[in-house]
Amino acid sequence: MKEETLKTVIEVLQKSKQIAIVGHKNPDGDAVGSCLGLFHFLKNRGFNVTVVMPNDFPDFLKWLPGCDTIINFEKHLEEVTTVIENAEVIFTLDFNALNRTGGLGEVLEQAEAKFIMIDHHQQPDDYAVATYSDVTMSSTCEMVYHFIEKLQGKNEITPEIATNLYAGIMTDTGSFRFPATSATTHRVIAHLIECGANNSEIHQNIYDTNSPDRMKLLGVALNNMTILSEYNTAYITLSQKELDDHNFKKGDTEGFVNYPLSIEGIIFAVIFIENKQESITKISFRSKGTFSVNEFARSHYKGGGHTNAAGGKSDATLTETVSEFISILPHYKNALNHVS
Ligand code: 5GP
Ligand code: MN
């Protein structure tokens, strides 16, 4: 974090008491973990803090310390609007543009509070008085750790904080295997364990709580996988019916898109998920090496993210979206065959 950013953060916090912390729509482990980690830290320092999410988060995160205090905008619109209106400072965590919060974005745009952004996504928007953005970071949770460190708070990391930050780093790094996992990430993780994060228990709570329906849905997804060897690409589709047949719950498809990347030679993996309620096809992209799915998602699917993990959406049907995708691929043939 730049010195002037830190200076602004300290000045803003000195003058404030009411704080709101906001994560992105469809919050993942990093969004929930970073918001709750920062929540405990600021609360313990005497601030009035509320964590707000645009919509619900997956059940496999519903044990994280403090998660029962989170207010969901989709369910409690008025309560969240009041929190945002009354906030003097709003932290936005794990996203880079207010529209990543869906309808909550309009409420945020009206807010009088000063914004502080902590995020590791590419091309951050310029809405905050203090922007702590670092695209080389493994996760926003790792950044919250460094943020606490900069505020001289390393000795204040409680087991609650450590557990939340550990969970977010673990999920965003694919259990410490994605390239953004650095030696520093491991040092942070080691310290979080010393501060009371129970690494084995956290892993079990997140990864070993599958429902039989979810495992069967994974079977369907893998069965639907199509491999396009010419483009070193594989994609998966899931229709609304397939989701309904397996009592789909938020978070059930998390991680499915990574499976095709484990096939030798595949460097680009995509999952298309039909969402009839929102009349969209939600898309997740993953890649290996230099092929930027951030650029791909930005160019074609109103999305974005990181070089190797991004998302977007299409207003077309599932079948149309897949056909369009296949028609785009020839433009990337060269890039997909010369990845370093
Ligand atoms: P996932 O595919 O796991 O939902 O998301 C992968 C990465 O892309 C995450 O860092 C997420 O924040 C980002 N992402 C997912 N969907 C979108 C989207 O619709 N727009 C943008 N800008 N980023 C997205
Ligand atoms: Mn993240």
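How many of the 16 residues of α2 are buried? The count is 14, so α2 is largely enclosed by the rest of the structure. Before I go on, a reminder that this is a predicted model.

Let me stay with α2 for a moment. The helix covers residues 29-44. At 1.5 Å a residue, its 16 residues should span 22 Å, and the end C-alpha atoms are 22 Å apart, which agrees. Just after α2 comes G46, with a positive phi of about 100 degrees.

Now to a partner of α2. Helix α5 is residues 140-150, and the axes of α2 and α5 come within 8 Å of each other, crossing at roughly 20 degrees. An angle under 35 degrees counts as roughly parallel, so α2 is described as roughly parallel to α5. The crossing is right-handed. On the α2 side, the contact is made by D30, G33, S34, G37, L38 and F41. On the α5 side, T140, C141, V144 and I148 make it. If you look at the numbering, recall that an α-helix has 3.6 residues a turn, so residues three or four places apart point the same way. By class, this contact of α2 with α5 has five nonpolar residues, four polar and one charged.

The next pair is α6 and α7. Helix α6 is residues 159-172 and helix α7 is residues 183-194. They pack at an angle of about 145 degrees, and their axes are 9 Å apart. Here the crossing is left-handed. From α6, the residues involved are A162, L165, Y166 and I169. They meet T185, V188, I189 and L192 of α7. By class, that contact has seven nonpolar residues, one polar and no charged ones.

Last, a single residue, L228. You will find L228 in strand β7, which is residues 226-228. Is L228 buried or partly exposed? L228 has 16 C-beta neighbours inside 10 Å, and therefore counts as partly exposed; buried would take 20 or more. Leaving out residues up to four places away in sequence, L228 touches T233, A234 and L329. For a sense of distance, take S175: L228 and S175 are 53 residues apart in sequence, and their C-alpha atoms are 28 Å apart in space.

To go back over the helix pairs: α2 and α5 cross in a right-handed way, while α6 passes α7 in a left-handed crossing. The α2 contact with α5 includes one charged residue, and the α6 contact with α7 has none. That is what I have for today.

Conventions:
Residues are numbered from 1 along each chain as its sequence is written. Chains are lettered from A and ligands numbered from 1 in the order in which they are written. This is a predicted model: local features need pLDDT of at least 70, side-chain atom pairs count only at pLDDT 80 or more; totals for chains, interfaces and linings use all residues. Helices (H or I, at least four residues) and strands (E, at least two) are DSSP runs, numbered from the N terminus. The expected span of a helix is 1.5 Å times one less than its number of residues. A residue is buried if 20 or more other C-beta atoms lie within 10 Å of its own, exposed if 12 or fewer, and partly exposed in between; C-beta atoms are placed from the backbone. Axes are lines fitted to C-alpha atoms, for helices over the stretch in contact, and angles run from 0 to 180 degrees between N-to-C directions. Angles under 35 degrees count as roughly parallel, over 145 as roughly antiparallel, 65 to 115 as roughly perpendicular and the rest as oblique. A crossing is left-handed if the near helix is turned anticlockwise from the far one by less than a right angle, and right-handed if clockwise. Two residues are in contact if their C-beta atoms, placed from the backbone, lie within 7 Å. Ala, Val, Leu, Ile, Met, Phe, Trp, Tyr, Cys and Pro count as nonpolar, Asp, Glu, Lys and Arg as charged, and the others, Gly among them, as polar.
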